[in-house]
Amino acid sequence: MNKSKKTIFLLIILPIAVFLLSISSITAQILIGQTESVYNLGDDFEITLTAKSQTETSGFLTSSLICGQTTIELYKNPLVLASGEEHKTTITTKLGTFLVSGDEGQCYVQANYGNDEAKSQKFEITRNIEVSLSLSRTVLNPGETINVKGQALKSNNNLLNGFVEISVP
């Protein structure tokens, strides 16, 4: 083979062959829905996983919550998809201490099916709550009453639902 034929082969035929081989090795695809940018401990959490298959594929569809070095399995289910078939799964849970005890910070969801892996955008799980109070008066005499109003705002800008107990010695 002369030099010009080798150049044509390397520039045209070889990239096409590599492309075709890479397409045939893709059997499944996973898409992960959007997350919020921040969640407070105790918030509801929901994410949608979509598995698509180009060929008949069987295996476990799994997803994990990854926060730092900690991996928490959220979902694992056997799944068989025919060629061209799509399967959607919505994972709903509460980000309670039973799930993320001590694992606050930057997190993401990772999903696996067949030989495909996908990761969600990163989000933060926090315990931070901003409390603001207002007093009806600042100077009191013995026996007088005071009204205290306040609100507790979570990091995701949602109000905290709860109660406060105040005692004065």
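A residue is buried when its relative accessible area is under 20%, exposed when over 50%, and partly exposed in between (1.4 Å probe, protein chains only). The model is predicted: local features need pLDDT of at least 70, side-chain atom pairs count only at pLDDT 80 or more, and totals for chains, interfaces and linings use all residues. Residues are numbered from 1 along each chain as its sequence is written, and side-chain values use heavy atoms, with hydrogens and water left out.

**Exercise 1.** Identify the disulfide, and state whether Cys67 and Cys107 are buried or exposed.

Solution. 
1. A disulfide is a pair of cysteine sulfur atoms within 2.5 Å.
2. Cys67 and Cys107 are joined, S to S 2.0 Å, and the count comes to one disulfide.
3. Cys67 lies in strand E4 (residues 57-67) and Cys107 in strand E7 (residues 105-113), so the pair, 40 residues apart, links distant parts of the chain; strands (E, at least two residues) are DSSP runs, numbered from the N terminus.
4. Cys67 has a relative accessible area of 5% and is therefore buried; Cys107, at 0%, is buried.

**Exercise 2.** Which strand gives the most to the lining of the largest pocket?

Solution. 
1. On a 1 Å grid over the protein atoms alone, a pocket is an open set of points where a 1.4 Å probe fits, with protein on both sides within 12 Å along at least five of seven lines; lining residues have an atom within 4 Å of a point.
2. The lining has 14 residues, with Gly150, Gln151, Ala152, Phe163 and Val164 nearest the centre of the largest pocket.
3. Strands E10 (129-135) and E11 (148-154) each supply at least two lining residues.
4. E11 gives the most, with five residues.

Methods: Helices (H or I, at least four residues) and strands (E, at least two) are DSSP runs, numbered from the N terminus.
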